[in-house]
Amino acid sequence: MSTIAAHLDDVLSRISRATADAGRPAGSVRLLAVSKTFGAQAVRDALAAGQRAFGENYVQEALDKIATLKGETLGGQPLEWHFIGPLQSNKTRAVAEHFDWVHSVDRLKIAQRLSAQRPTDMPPLQVCLQVNISGEASKSGVTPEEVPAVARAIAALPNLTLRGLMAIPEPEDDPARQRAPFRAVRELFDALRADGLALDTLSMGMSADLEAAVAEGATMVRIGTAIFGTRDYGSRA
């Protein structure tokens, strides 16, 4: 078993335990393997171990990997590519044309550009609205107060499917305090669903806090370091 396969197995076990501890159904939390800064071979190793969905932050690096790995499949299904990083307006076309999901829609303008630039012969682009739940100046995302109006506007756009919310809370070591911002995101999500939006995705939780996120309702956790190891940003394409 490769190192990545062993790490992947450990992460899946953590997710299973957290899901059971939260009294949630087995399989109700998906794993997104965050492969940013790691090469195509690392993705191949994870794919060989059964992982099909991968998250990327940097457009050009991701496009190179997508091209290199084109045609690779798992059980006959192609790799699923998720864009999870800050997205500038001048990069939306490339993302709209090559990705399956975008988690980091942080303003209506970005959603409008993705909608206009998504090729009509492709399935709708699956998107999440990013919420700046901790109010950090350095983080992207709409404020909690803006969520209802922006979510409704995005849900009305063609060529996109609004799946839910994404958040990256401020780092916190204490497990109990980790849960509070995740709970706040879930409450926003529940309010949108109660108001009639057909949402099914809470993208929250990373290597250091996935248990807290799952306890508060995450349906997709974004895990990089615990699978691929420490990143060397100096080697990034």
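## Ground rules

Helices here are DSSP runs of H or I with at least four residues, strands are DSSP runs of E with at least two, and both are numbered from the N terminus. This is a predicted model, in which local features need pLDDT of at least 70 and side-chain atom pairs count only at pLDDT 80 or more, while totals for chains, interfaces and linings use all residues. Residues are numbered from 1 along each chain as its sequence is written, and side-chain values use heavy atoms, with hydrogens and water left out.

Let's start with T19, which sits in helix α1 (residues 3–21). Its relative accessibility is 4%, so T19 counts as buried; the cut-offs are under 20% relative accessible area for buried, over 50% for exposed and partly exposed in between, using a 1.4 Å probe and protein chains only. The side chain of T19 reaches the backbone oxygen of I15 at 2.7 Å.

Beyond its neighbours within four places in sequence, T19 is in contact (heavy atoms within 4.5 Å) with R24, P25, A26, S28, V29 and V214. For a sense of scale, T19 and Q51 are 32 residues apart along the chain, and their C-alpha atoms are separated by 19 Å.

## The annotated domain

The unreviewed UniProt entry carries the annotation "domain: Alanine racemase N-terminal" for residues 25–231. Positions follow the numbering used here, feature names are shortened, and such annotations may be inferred rather than shown by experiment. Over residues 25–231, the chain is 36% helix and 21% strand, with the end C-alpha atoms 33 Å apart.

## Nonpolar cores

A nonpolar core is a set of buried Ala, Val, Leu, Ile, Met, Phe, Trp, Tyr and Cys residues joined through side-chain atoms within 4.5 Å. The largest one has 66 residues, and L114 and L165 touch the most other members. Setting aside neighbours within four places in sequence, the contacts of L114 are L87, T92, V95, A96, V102, V105, L125 and L160. Apart from that core lies another, of eight residues, including V34, A53, C128 and M166.

Now for helix α6 (residues 147–155), where V147, V150, A151 and I154 are buried. Seen down the axis of α6, the buried residues fall within an arc of 100 degrees, so they line one face of the helix; the arc is that of the directions from the helix axis to the C-beta atoms. Among the elements covering them are β6 (101–105), α5 (108–117), β7 (125–131), β8 (160–167) and α7.

## Salt bridges

The structure holds 16 salt bridges, each a side-chain nitrogen of Lys or Arg within 4 Å of a carboxyl oxygen of Asp or Glu. One of them pairs E172 with R177, the closest N and O atoms being 3.3 Å apart. E172 is partly exposed at 28% relative accessibility, whereas R177 is exposed at 53%.

E216 and R179 meet at 2.8 Å, N to O. That pair links distant parts of the chain, 37 residues apart: E216 is in the loop between α8 (210–215) and β10 (220–223), and R179 is in helix α7 (residues 175–194). E216 is buried at 3%, while R179 is partly exposed at 32%.

R186 and D190 form another salt bridge, at 3.6 Å from N to O. Because they are four residues apart in helix α7, R186 and D190 are separated by about one helical turn. R186 is partly exposed, at 24%, and so is D190, at 36%. Shared partners join R179, R183, R186, D190 and E216 into one salt-bridge network.

Terms used. Polar contact = N/O pair within 3.5 Å; in protein donor to acceptor, adjacent residues only side chain to side chain.
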